[in-house]
Amino acid sequence: MSAGSAGSAGSGAGRRPRVTAAVLAGGVGVRMGGARPKQLLPLAGRTIIEHSVAAFCAAPEVDDVIVLMVEDHVSEVAEIVADGGHSKVSRILPGGADRTQTSYAALRALESAADDELVLLHDAVRPLVSPRVIADCVRALGEAGAVGVAVPSSDTVVEVGPGRTGGEAIRAVPARASLRRMQTPQGFRLGVVRRAYERALADPDLVATDDCGVVLRYLPEEEVRVIVGEEANIKVTHPGDIAIAEALLRERGRRP
């Protein structure tokens, strides 16, 4: 592993902010049902996490990649990165017990970076993130301090609550036109996401599964810009998702 491309970007006048991608793999993925973390399952000749790492290493907008992995598998991921020649990866670190703690561990790893530098936080189990989505995230951070990737909801989404006679009952049907399904990466100016997490971690009632949601709740004055995602940018969560991801990769490979 190299120390990244430190000389390629900086914070000085006339130069674009340095961009770090943090690939987050702190959870073990119990819904997959296996003993191994889902990030290490095979997908079209590579592990799932390597597909995600490779996408950011190939992105010209990204200067440095760090990986946050389940602590017991850090050395295994280091071997995968070394064997794959992913030279933008500078560090592979233990992740936290949940998504919030893993995101915060990534921010701690960047504590020496300037507030105007940029970070992209990405679920390792979204291995089909595209160059267009990465580029659009970075571009949008030129105007906004926080950026989320989302796709329109094609299904009707309902709000439920306890039913009067047991089970669940529909309580509300929000207008579908205003609903989106969030994906990753989620991008931030470091100063913005740092302030949000400082406030969030001081809140004893903190419950968060989404980094944009942390900014929205704890820095309500900050706009969270939304860019259009892609249906192919799926999150590999259940066993059947691997077959879907493989089919999508085959289709991508057939495109001119």
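**Ground rules.** I am working with a predicted model, where local features need pLDDT of at least 70, side-chain atom pairs count only at pLDDT 80 or more, and totals for chains, interfaces and linings use all residues. Residues are numbered from 1 along each chain as its sequence is written, and side-chain values use heavy atoms, with hydrogens and water left out.

**Entry 1, the sheet.** I took helices (H or I, at least four residues) and strands (E, at least two) as DSSP runs, numbered from the N terminus. Two strands pair if DSSP finds at least two bridges between them. In what order do the strands of the open sheet run? I read 5-4-1-6-10-7-11, seven strands with mixed pairing. Strand 5 (89-94) and strand 11 (224-228) are the edge strands, each pairing on one side only. From one strand to the next, the twist averages 25°. For such angles, axes are lines fitted to C-alpha atoms, for helices over the stretch in contact, and angles run from 0 to 180 degrees between N-to-C directions.

I then looked at one pairing. Strand 1 (residues 19-25) runs parallel to strand 4 (residues 64-69), over six bridges. Alanine 22 stands opposite isoleucine 66 of strand 4.

I counted a contact when heavy atoms lie within 4.5 Å. Helix 3 (residues 99-109) packs on the sheet and touches strands 1, 4, 5, 6 (118-123) and 10 (180-189). The direction of helix 3 makes about 145° with that of strand 1. Helix 6 (residues 211-218) also packs on the sheet, touching strand 6, strand 7 (146-152), strand 10 and strand 11. Its direction makes about 75° with that of strand 10.

Strand 8 (residues 159-162) and strand 9 run antiparallel, joined by four bridges. Glycine 161 has alanine 169 in strand 9 as its bridge partner. Five residues lie between the strands of this hairpin, and glycine 166 takes a positive phi near 110°. For burial I used relative accessible area: buried is under 20%, exposed over 50%, partly exposed in between (1.4 Å probe, protein chains only). How many residues of strand 9 (residues 168-172) are buried? The count is zero among its five residues.

Rings of Phe, Tyr and Trp (its six-membered ring) pair if their centres lie within 6.5 Å; planes under 30 degrees apart are stacked, over 60 edge-to-face, the rest tilted. I found one such pair. Tyrosine 104 and tyrosine 197 are stacked, 6.2 Å centre to centre with 20° between the planes. Tyrosine 104 lies in helix 3 and tyrosine 197 in helix 5 (residues 190-201), so the pair ties together parts 93 residues apart in sequence. Tyrosine 104 is partly exposed at 27%. Tyrosine 197 is buried at 1%.

Histidine 51 sits in helix 1 (residues 48-57). Is it buried or exposed? Histidine 51 counts as buried, at 11% relative accessibility. Leaving out residues up to four places away in sequence, histidine 51 touches Leu43, Ala44, Arg46, Pro127 and Leu249. The side chain of histidine 51 reaches the backbone oxygen of leucine 43 at 2.6 Å.

Technical notes. Polar contact = N/O pair within 3.5 Å; in protein donor to acceptor, adjacent residues only side chain to side chain.
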